[in-house]
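Student: I would like a close look at one part of this model, with its surroundings built up step by step. Could you walk me through it?

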Amino acid sequence: MTIQFVTFGMFIIDEFSFADEQGKPTGVTIGGGGTYATIGARIWLPPDTLGMIVDRGSDFPQDIQNQLLTYGSDIWHFRDDMNRVTTRSRNSYRGEYRGFEYITPRIRLTPRDLERTRLTRPASVHFICSPTRALQIISEIQEIEGWNPTTIFEPIPDRCTPEELPSLKAVLPHIAILSPNAEEALGLLSLPLIVTKSAVENAASEFLKMGVGKENSGSVIIRSGALGAYVTTSDRKGRWIAAFWNSAENIDKVVDVTGAGNSFLGGLAAGLSIANGNVYEASLYASVSASFTVQQLGIPHLTVDSDGVEEWNQDSPHRRLEVLRQRQDREIENKNH
């Protein structure tokens, strides 16, 4: 069986601290951009069709192990090293400010890590890094004869600077999907950090002019929070895909946006597999995956009923997909009148 999706993002144990707790951790949860992306794909695909390497240290908590296994034991390729601790980060909140820092050493993943595992040669891969490191990942992929995965590149926020633009231009011809968020896109292009739909559309157009994908066959998807996501290719008109929770009456559903962009891209990879590569259709799956991630601190909750039907946060992904698709159809219809 072909593995449909693998991420090179890391597994991280996230600690949270808030200002009124004087900086002490107020809880730990499963984290890491790779983990969120994997769960975003898992919402749509069975566990034996996707995977992620998890580096377990000597301090790996049993309750986190148990929680991971609820999503399917096939997903996780565990690597154990009792001589080190698990990668951890601290998310600190001070009013509107959110800080992020690693508090233990991290282990980066590369395509070579997939060799001699069941995850070798997946149909699509996801990586969160600087454009410079993306070039290294692409180079490793090209070393493996006959493997041409769909490459989904999510630039890391603190490297979305004008200095990285030359490396970005060098890697773009090898990228199937470039997906920064709106602030990251504007930062890379030295544009004012004022997020509007027109600014996002302009940024996407600038990236396309640089040549995304082999023979300009790639896509640009700029994730823009409550505005939705702008999806465009060189041969089709750009389209806005709505955020699932995008109105005043359901704003209380958005508890924490950590990992929403990562899970969007995991959902996108799953959608590409289901929708035969149609990036616009796949973006609907992506938006629904993000909608489950923002409902709580940490990753969404999976339950399976007696008939084997999966629910996420006590709701059906397919129901949300249909709601979103109908909403999109109405918006297109209204524009045409």
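Student: Does serine 287 count as buried or exposed, and why?

Tutor: Happy to take you through it, keeping in mind that this is a predicted model. Serine 287 counts as buried because its relative accessibility is 5%, and the cut-off for buried is under 20%. This serine sits in helix α8, which covers residues 279-293. Leaving aside residues up to four places away in sequence, serine 287 touches Ile241, Ala242, Ala243, Phe244, Phe264 and Leu324.

Helix α9 spans residues 317-335, and α8 packs against it at an angle of about 125 degrees, the axes being 9 Å apart. Angles from 65 to 115 degrees would be roughly perpendicular and those over 145 roughly antiparallel, so α8 and α9 are oblique to each other. The crossing of α8 past α9 is right-handed.

Another partner of serine 287, Phe264, brings us to helix α7, which runs over residues 260-274. At 1.5 Å a residue, the 15 residues of α7 should span 21 Å, and this agrees with its end C-alpha atoms, which are 21 Å apart. Helix α7 is mostly covered, with 13 of its 15 residues buried. Just after α7, asparagine 276 has a positive phi of about 55 degrees.

Helix α7 also has a packing partner in α1, residues 33-42. Their axes lie 6 Å apart, at an angle of about 40 degrees. Since roughly parallel requires an angle under 35 degrees, α1 and α7 are therefore oblique to each other. Here too the crossing, of α1 past α7, is right-handed. From α1, the contact uses Gly33, Tyr36, Ala37, Gly40 and Ala41, which meet Asn262, Ser263, Gly266, Gly267 and Ala270 in α7. These residues divide into four nonpolar, six polar and no charged.

How values were computed:
Residues are numbered from 1 along each chain as its sequence is written. This is a predicted model: local features need pLDDT of at least 70, side-chain atom pairs count only at pLDDT 80 or more; totals for chains, interfaces and linings use all residues. Side-chain values use heavy atoms; hydrogens and water are left out. Axes are lines fitted to C-alpha atoms, for helices over the stretch in contact, and angles run from 0 to 180 degrees between N-to-C directions. Helices (H or I, at least four residues) and strands (E, at least two) are DSSP runs, numbered from the N terminus. A crossing is left-handed if the near helix is turned anticlockwise from the far one by less than a right angle, and right-handed if clockwise. The expected span of a helix is 1.5 Å times one less than its number of residues. Buried means under 20% relative accessible area, exposed over 50%, partly exposed in between (1.4 Å probe, protein chains only). Contact means heavy atoms within 4.5 Å. Ala, Val, Leu, Ile, Met, Phe, Trp, Tyr, Cys and Pro count as nonpolar, Asp, Glu, Lys and Arg as charged, and the others, Gly among them, as polar.
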